[in-house]
Amino acid sequence: MKLIERSNYLQKLIDLKGTPDIKVITGVRRSGKSKLLEEYTEWIEKNDTEANIISIDLTKLKFEELKEYHKLNEYVEAHFEKKKNNYVFIDEVQMCEGFELVINSLHSSGDFDIYITGSNAFLLSSDLATLFTGRTYEIEVYPFSFAEYVDYFKPGNVQEAFDSYLIDGGMAGSYVYKNQEERMKYIADVYDTLIVRDIRQKYKIRNIVLMDKISEFMMDNISNITSSRKIADTLTHNLEKINHKTVGAYQDYLCNAYAFYKVRRYDIRGKKYLASSEKYYLSDHSFRYAKLGTKNYDYGRIMENVVAIELLRRGYEVYVGVLYKKEIDFVAIKRSEKIYIQVSDDISGDATFDREVDPLLKIKDAYPRMLIARTRHDKYQYEGIQIVDIAEWLLGR
């Protein structure tokens, strides 16, 4: 498979080199965590002449015996070299039961610069502080962005490439398949056999049918306001009675495994977060197409999903804006920076254009406002609102 350097993630790891934190690389399955670790290992080899790299991939048979935590600890300590910069890289660390005991012991010694990846269901952000007594730093890896997709395929026409990206998505492992049906089969298998399997194993879920129904409902309703009670009511209409608390727990499991991201609502006028009803976005929009096909394939909602994940990828906190009972797709916040964003598939009609800009025009503060759409034109201004073509915006232009 062709590889491209994921320079943003690589730079994050380079900047963290030598810090006392336990570096934990997270993200949805098959998003490139292991490849990133390989890239960083190669960078260390080239740039640190005093490096002693202890690299362990627990999916490989030669490391089979290290799945027992005493053996893992003995192996690392046996490969320690004095007067060297000792780096420890452990891929799929959860395959060693009791791995946290090893990591904590190695960290407390102060002798190692530690980097780990693993199944997201076993390395939850919420659990890191409990698992590890030392400080952790989480580097979240997302599927390929559109910019990385373009870098990979080097298309002649950016707009045509974006049309393809809306279907193909960012699961780079699928790119080696020439046939579209085979690509979608790969993506569906990733979702079913890796993501959902991890969740079932972690939480010992017995009602597999219900889990699948909730997952498919959430996929079918990306960018719609959704609540556990609404899902429970809908599924109860078609199946047996379902408790909304069970639904809420399953939604949390899917988010914990980075299959979905929950986006809360934000009252712009009152400057407060609203507790009831959220939106959910897929970590990669290709999962929806692979699992549901063309059923209700609304390109506007898919584009909204793409923008949501891109904002997260760029380090923004993302909220759904509410102002005078109108909704603004995104309020993106990064420290003192704030941007109000609307997303639309087609704004060529006057009525659609007016509907999209109206909520933005009602915002009275001085923060930037933006409408991202399929304009296929250079960016321009309308009443202080920046109108930007989505493909160009995703490329950072």
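Is glutamate 310 buried or exposed? Glutamate 310 counts as buried, at 6% relative accessibility. Buried means under 20% relative accessible area, exposed means over 50%, and partly exposed lies in between (1.4 Å probe, protein chains only). The structure is a predicted model, in which local features need pLDDT of at least 70 and side-chain atom pairs count only at pLDDT 80 or more, while totals for chains, interfaces and linings use all residues. Residues are numbered from 1 along each chain as its sequence is written, and side-chain values use heavy atoms, with hydrogens and water left out.

Glutamate 310 has a charged partner. Its salt bridge is with arginine 314, and the closest N and O atoms are 2.7 Å apart. A salt bridge is defined as a side-chain nitrogen of Lys or Arg within 4 Å of a carboxyl oxygen of Asp or Glu. Arginine 314 is partly exposed, with a relative accessible area of 28%. By this rule the count of salt bridges comes to 21.

A second pair joins lysine 35 and glutamate 38. Their closest N and O atoms are 3.9 Å apart. Both residues belong to helix H2 (residues 33–47). Helices (H or I, at least four residues) and strands (E, at least two) are DSSP runs, numbered from the N terminus. Lysine 35 and glutamate 38 are three residues apart, so about one helical turn separates them. An α-helix has 3.6 residues a turn, so residues three or four places apart point the same way. Lysine 35 is partly exposed, at 42% relative accessibility. Glutamate 38 is also partly exposed, with a relative accessible area of 40%.

A third pair lies between neighbours in sequence. Arginine 355 forms a salt bridge with glutamate 356, with the closest N and O atoms 3.8 Å apart. Arginine 355 is exposed, at 53% relative accessibility. Glutamate 356 is buried, with a relative accessible area of 10%. Elsewhere, salt bridges that share partners link Lys279, Glu304 and Glu327 into one network.

Helix H14 comes next. It spans residues 350–361 and has 12 residues. From first C-alpha to last it reaches 15 Å, close to the 16 Å expected at 1.5 Å a residue. The expected span is 1.5 Å times one less than the number of residues. The buried residues of H14 are Phe353, Glu356, Val357, Pro359 and Leu360. Seen down the helix axis, these residues fall within an arc of 155°, so they line one face of H14. The arc is that of the directions from the helix axis to the C-beta atoms. On the other side of H14, Asp350, Ala351 and Arg355 are exposed.

What do the buried residues of H14 pack against? They pack against six strands by name: S9 (317–323), S10 (326–334), S11 (337–344), S12 (369–373), S13 (380–382) and S14 (385–389). Contact here means heavy atoms within 4.5 Å.

Leucine 361 is also found in H14. At 32% relative accessibility, leucine 361 counts as partly exposed. Leu361, Tyr380 and Tyr382 form a nonpolar patch on the surface, with about 240 Å² of accessible area together. Patches are made of residues with over 30% relative accessible area and no salt bridge; like charges are joined within 9 Å, and nonpolar side chains (Val, Leu, Ile, Met, Phe, Trp, Tyr) within 5 Å. Accessible areas come from the Shrake-Rupley method with a 1.4 Å probe, and for residues only the protein chains shown count as cover.

Threonine 117 is found in strand S4 (residues 112–117). Its relative accessible area is 1%. Residues up to four places away in sequence aside, threonine 117 touches Ile25, Lys33, Leu37, Ile90, Asp91, Glu92, Val93 and Leu123. Isoleucine 222 sits in the loop between helix H9 (208–220) and strand S6 (225–226). Its relative accessible area is 0%.

Backbone angles give a last pair. Most residues other than glycine have a negative phi. Glutamate 92, a contact of threonine 117, has a positive phi near 60°. Glutamate 92 lies in the loop between strand S3 (85–91) and helix H4 (99–109), and is buried at 10% relative accessibility. Lysine 154 has a positive phi of about 50°. Lysine 154 lies in the loop between helix H6 (146–153) and helix H7 (158–168), and is exposed, with a relative accessible area of 56%.
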